[in-house]
Every structure is written in structure tokens, then in C-alpha cells.
Amino acid sequence: MSSLKLRTRRDFGKAIGTAALAPWAAGGAMASPAGTAATGVPSFPANFLWGCATAAYQIEGAAHEDGRKPSVWDTYARTPGKVAGGDTGDVANDHYHRYKEDVALLKSLGVRAYRYSVSWPRVFPEGRGPVNDKGVAFYDRLTDELLAAGIDPWVTLFHWDLPQALEDRWGGWQSRETAKAFADYAAFVARRLSDRVRHFFPINEFVCFIDQGYGTGIKAPGKQIPAGALNQTRHNALLAHGWAVEAIRAAARPGVQIGLAENPQICVPVIETPAHIEAARQAMRELNAPFLTAILEGRYTTAYLSAAGRHAPRFTPEEMKAIASPLDFVGLNVYTPTHIRADRSGAGFAVVPLPSSYPRMASEWLFLDPAVAYWAPRHLAEIWKVKDVYITENGCSSDDRIAADGCVYDTDRVMYLRTHLASARRATEEGWPLRGYFHWSLMDNFEWTDGYGKRFGLYYVDFRTQRRIPKLSAELFREVVRRNAVA
Ligand code: BG6
């Protein structure tokens, strides 16, 4: 049998009464400890963390500056026909030079956290070996700027920009040598930044650089390898995660927190009856068996291994132990739903296909169901007893335009944000352990194979002038953060 097919979002898109009031914000507005803001709208818990997220290759630019060498995304973007409009991340948002302006944008939103990623080929241009001090110095400057603005840096170590040198030398993630090199790089960054950075994510979204990078080939490095090799490549990426967790703990100052930024299929019960809810729980484990479940349980599910048959990954108990190295929190990137119904035959659950009329946002893969922001934390708590959950990404693309008055009225993103936050609020109200929310993204950026054609930002970016313009959604998000409640 072939390897279990993960239904990736792109594949899918193609297929079809207050007590003592306490101050809670710089603005001086008030919320009650009982969870009701002064407006009467239920608020988020008092210490709920609000943030925004970005990734290095999508915003930094300066692709050939200060010693950086290419990543697989530089190569892929240069390959004709791979990225819409032939766009590349060469300049992107020029964040490498404009980071101060961008930190000021974060500050104006009032967020207390920012999730950025470090570019591996900026720090180790060859993937390993000599460190590039100028590259590291950029992350020193950015981190210091954030801290001076009162914003806590949350650092992702790998957001898909694998050094091309490692792809050339070892076939990238097809070799566990790459996983070892990743752990060394992770240890280096943790040693260097953990005097100021207290939260690290080793890897962002396994499916997107493994299944899409080596399976369907719709993301860098654009390969299509056979099922057995793909399952082993998935396993190597899990090892990279586990070894990096161990390496960060050994290298970093005491007390750093390490977590995931994973995008599992978020299994939403098609109707909230006990039978469908139970089916959604089972589906959440099984449909995410290759990555999330393996990390949280330290084993591959029986169904995954038997479906893979002779193509199953080879592994040892020691490796599974490393993969399941204890985490301090679990972050999930929450976008599109997988609807599940109870099914007495077979696995006990079935995926409900979406009708062609199902609403979606500007990206073809991004179907709308705010329930994902509720079920993601609830599943983590119920299935795996996770105590601290973050939504590490959530947001949507929109066909943004600058109106005649110079404003960007992204009312669809406002609707998306408001409904997802209401759903997240339902989770906190019921006591599920959701501790914070990072919006994807701070500003429009290089959206991988969509190039600059799809916009996810709270700030509109004019890529000819690099001007940043706050959208209506930025105003909404600022208000949400200020009230600590859905606005
Ligand atoms: C998230 C990624 O899954 O989705 C981001 O972590 C990405 O890097 C975002 O920009 C939107 O995805 P896409 O494929 O539409 O650019």
C-alpha cells in the first residue's frame, strides 16, 4: 500500500457583571476579572498573549547581502513556472533594512509578542561549518529593537528556507545528516539569543516542506520522491525536531520554553453531537499520525504503519523517544477545517467533502470555518492533555485594494478575524487552555508559490515603494488587543 495520503490544504483546494475593575491595557480601558470587558463583551483571560507572526524568507529580502547564501526557496523561486509572476524573495518587504519601521508597526498594534523566524542560510550559509557573524548580528539588532519596544520575541528556527548547500550535498531532509545539522544550528541560535529570547519553535509546519516539498513537489525543493522515501523523509524531519528540542535545552539559558508551530488537519465535528465529536477526536489523531500525533505520543499509530505497509518508516525506540522530547507548549497554525462525521464502518470516522459552494477566502485552499479556533485547543487538551496552547498563526488572504480615500477596506478579513476570535474566546470561556493568539501576518509578504499575488497582512504593502498602509483589519486587531476582547 502506498503511504497515508495527507490531505494538504492545497490539494484540497484544488479538489474542490463585573466586580472590581482592573486596568488591562495601556489605553487605560477596563476589564473585569470575571471575563467581561467594560463594553459587556466577554473578554479573554487577563494575561492572554496577543502577537503577530512572519517568516524570514517571506519578508527579509537582502537575499545576497552580508554573506547570506541561497536557500532552497531562492532556487525554487528562480525556476521558471514555479512561483506566480516569477516572483522571488530577493527584496520582499526589505525588512532586513526596515526592521525598525516594522517593529514600530507591531508597537502601534499594541501586541506584546512577535513570532519571527531566523534564516538558517543567513546564519550558516553552507548549512553548517563557519558561522556568518553579520547574519547573526541582524537577529541581535531585531531582538534588541523588539525588547526596547516592549515586545517579546518568539523565534522559529526553520520556516522552510533550508540552505541550498544541504539540499545539494545530502538531498536535504531525505538524509538524517540534515537533521543533525539542524540540531547544531538550533543549539547555536539558542546559545546566542536565549539571554533575550525565551520562546523557541524548532520547526514550522512539517507538511508544507516535507509532503509538499518532496511529495507533490508544489513547494521547494520541488521533488517527487516515492512513498517509502517520503515516509523516511518525514521521519527525518521529526528527528530534526526532537534533536533540536534536546539541543536547545542543552545550549540555552535555563527556563526557555520550546513548542510546536504545527498545522495539523483541524478536525471539526460536522455537528456537535457526542458521536460526531468522538469521531472528530479519532480523526484528529489518525489524520495527523505522521507528525503531530507522533510528536505528542512518541509513536506512530498502528493505522498509519499498517497503511504504509512496506513503505513504513524505519525507526528505533530511542528515536521515538527523542521525537517525543517534552515540550513546554503546543502552538498550532489554524486556518482551514476538515469536517468529520461519525461512521460505523472502518475507522469510526469519515471526512465530509465540501460542496462546491462552500465559502472560502482569496486563497483556493482556505475554506471558512471559525470553529477551527475552538476545536484546535480543545482537541489538544482532550486528546493529549496539553496544558498550554497557542494559536501560532491564523489569518486569511483577501483581494485587498487601496480605495480612493487611501484606505484598505478589507471587510472580509475583518469578518474572518472577528469570527475566529469569537470562536477562540469560546474556547477560553469553557476553560480550554488557549493562552495566546498570533495573527498571520503582520504585513503582506512573499506568499510562497503565490508570490506577491496573495495578501495576508494587517498592513498593506506597496511592493514598489515599500510603503506600509494599515488596513481596516489592523484597526480591528488593535481594538481587540486594547480591549482584550472581540471587537
Ligand atoms: C502558513 C505558513 O501555513 O500559511 C505561512 O506558515 C504562509 O508561511 C501562510 O504564508 C499562507 O500560506 P500560503 O501557502 O497561502 O502562502
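Visitor: How many residues does helix 16 have, and how far does helix 16 reach from its first C-alpha to its last?
Guide: Helices here are DSSP runs of H or I with at least four residues, strands are runs of E with at least two, and both are numbered from the N terminus. The expected span of a helix is 1.5 Å times one less than its number of residues. Helix 16 covers residues 372–384; it has 13 residues and reaches 17 Å, close to the 18 Å expected. This is a predicted model, in which local features need pLDDT of at least 70 and side-chain atom pairs count only at pLDDT 80 or more, while totals for chains, interfaces and linings use all residues. Residues are numbered from 1 along each chain as its sequence is written, and side-chain values use heavy atoms, with hydrogens and water left out.

Visitor: What is the case for helix 13?
Guide: Helix 13 (residues 289–297) is largely enclosed by the rest of the structure, because 7 of its 9 residues are buried. Among them are Pro-290, Phe-291 and Leu-292. Just after helix 13 comes Gly-298, with a positive phi of about 70 degrees.

Visitor: In what order do the strands close into a barrel?
Guide: Two strands pair if DSSP finds at least two bridges between them. Here 8 strands close into a barrel in the order 3-4-5-6-7-9-12-13, with parallel pairing. Neighbouring strands of this sheet are turned by 25 degrees against each other on average, direction ignored. Strand 3 (residues 49–53) pairs with strand 4 in the parallel sense over 3 bridges, and Gly-51 stands opposite Ala-113 of strand 4.

Visitor: Ser-117 lies in strand 4. Is Ser-117 buried or exposed?
Guide: Ser-117 has a relative accessible area of 2%, so it counts as buried. Contact means heavy atoms within 4.5 Å. Leaving aside neighbours within four places in sequence, the contacts of Ser-117 include Thr-54, Glu-60, Tyr-139 and His-159. A polar atom of the Ser-117 side chain lies 2.8 Å from the backbone nitrogen of Ala-56.

Visitor: How many aromatic pairs does the whole structure have?
Guide: A pair of aromatic rings is described by the distance of the centres and the angle of the planes. Rings of Phe, Tyr and Trp (its six-membered ring) pair if their centres lie within 6.5 Å; planes under 30 degrees apart count as stacked, over 60 as edge-to-face and the rest as tilted. The search finds 47 pairs. Trp-73 and Trp-448 form a tilted one, 4.7 Å centre to centre with 55 degrees between the planes. The two are 375 residues apart: Trp-73 is in helix 3 (residues 72–78), Trp-448 in the loop between strand 13 (434–440) and strand 14 (459–462). Trp-73 is buried at 1% relative accessible area, and Trp-448 is buried at 4%.

Visitor: Why is the pair of Phe-446 and Tyr-452 edge-to-face?
Guide: The planes of Phe-446 and Tyr-452 are at 65 degrees, with ring centres 5.6 Å apart, so the pair is edge-to-face. Phe-446 counts as buried at 0% relative accessibility, and Tyr-452 counts as buried at 17%.

Visitor: Which residues form one aromatic cluster?
Guide: The members include Trp-120, Phe-158, Trp-173, Tyr-185 and Phe-291. Phe-291 is also one of the buried residues of helix 13.

Note on methods: Buried means under 20% relative accessible area, exposed over 50%, partly exposed in between (1.4 Å probe, protein chains only). A polar contact is a pair of N or O atoms within 3.5 Å; within protein, one must be able to donate a hydrogen and the other to accept it, and residues adjacent in sequence count only if both atoms are side-chain atoms. Axes are lines fitted to C-alpha atoms, for helices over the stretch in contact, and angles run from 0 to 180 degrees between N-to-C directions.
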